[in-house]
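My entries are below, in the order in which I made them.

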Amino acid sequence: MASRRASAIFISLVLVAAAASFWWWLARGPVLAFTAPFDPAFHRLSPEEVVTLPLAVRFDLPLGSPHGALTYNARPFRIARHLGDDLNGIGGENSDLGDSIFAAGMGRVVYAGMPGSGWGKMIIVAHRLPPGDEAGPVVQTVYAHLDQIVVAHGQVVQRGQKIGTIGTGEGTYLAHLHFEVRQGPYINPAEGYADTPLNRLSPETFIQARRGAGAAELGPAPRL
Ligand SMILES: [Zn+2]
């Protein structure tokens, strides 16, 4: 008898505890399961953001002189599935570590950070192109494996303005600049290699086709 009564009391206590827990859980109200802070990556530029981007009427190479003097392309676009150009100073090895990297065209910094997956530090600049440009209304230039970033998210940059320095992707590679040109308004660090070009254009071809245009309107940008 005593043990049956003890069991009944024990079960009652368990039920009361369960009911109290359930009531407490209900009283807390809804709890967001995912509360990550806003990430400027994985963001689509809105139509308003696109039309307020600075207009880029001319592009130059992001390393060396505006013509790319004293640099070479160690792994051109689409060689071995590469989605960009790997630009280096001509000294080889890590001699170009810390060299200045310049914005290829006027635009707005839409990503500046470390997205992971071997990218190291990365900057993405979005540019509005003149109406009728075959590359579309908006392109992004991507600068990766940087040693230093000297611009901030949201900042407007001039063509030729220093935005960072050449790095090693946090010690992953010999120093070089991984440089891409991407079409469209989707901001996403994504990947540097793929079986198809995805939304990437040949950086060298893109810039060669847009060098020299509109120089009289802008004047030469200072080189730091
Ligand atoms: Zn690369």
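I began with T141, whose bridge partner in strand 11 is V181; strands here are DSSP runs of E with at least two residues, and helices are runs of H or I with at least four, both numbered from the N terminus. The model is a predicted one, in which local features need pLDDT of at least 70 and side-chain atom pairs count only at pLDDT 80 or more, while totals for chains, interfaces and linings use all residues. Residues are numbered from 1 along each chain as its sequence is written.

I then looked at the pairing as a whole, where two strands pair if DSSP finds at least two bridges between them. Strand 7 and strand 11 run antiparallel and are joined by 6 bridges. Strand 7 (residues 138–146) also pairs with strand 6 in the antiparallel sense, over 8 bridges, and there I found M122 opposite A144 and A126 opposite Q140. Strand 6 pairs with strand 5 (residues 107–113) as well, again antiparallel, over 5 bridges, with V109 standing opposite V125.

Next I checked burial, counting a residue as buried if 20 or more other C-beta atoms, placed from the backbone, lie within 10 Å of its own, as exposed if 12 or fewer do, and as partly exposed in between. Strand 7 is largely enclosed by the rest of the structure, because 9 of its 9 residues are buried. In strand 6 (residues 121–128), 8 of the 8 residues are buried: K121, I123, V125 and H127 point one way, M122, I124, A126 and R128 point the other way, and all are buried.

For I123 I listed contacts (C-beta atoms, placed from the backbone, within 7 Å), and beyond its neighbours within four places in sequence they include V109, Y143 and I163.

Last, I asked where R211 is placed. R211 lies in the loop between helix 3 (203–209) and helix 4 (215–218), and it counts as partly exposed because it has 15 C-beta neighbours inside 10 Å. R211 touches R58, F59 and D60, leaving out residues up to four places away in sequence; F59 is 152 residues away in sequence but 5.4 Å away in space, C-alpha to C-alpha.

Key. Contact = placed C-beta atoms within 7 Å.
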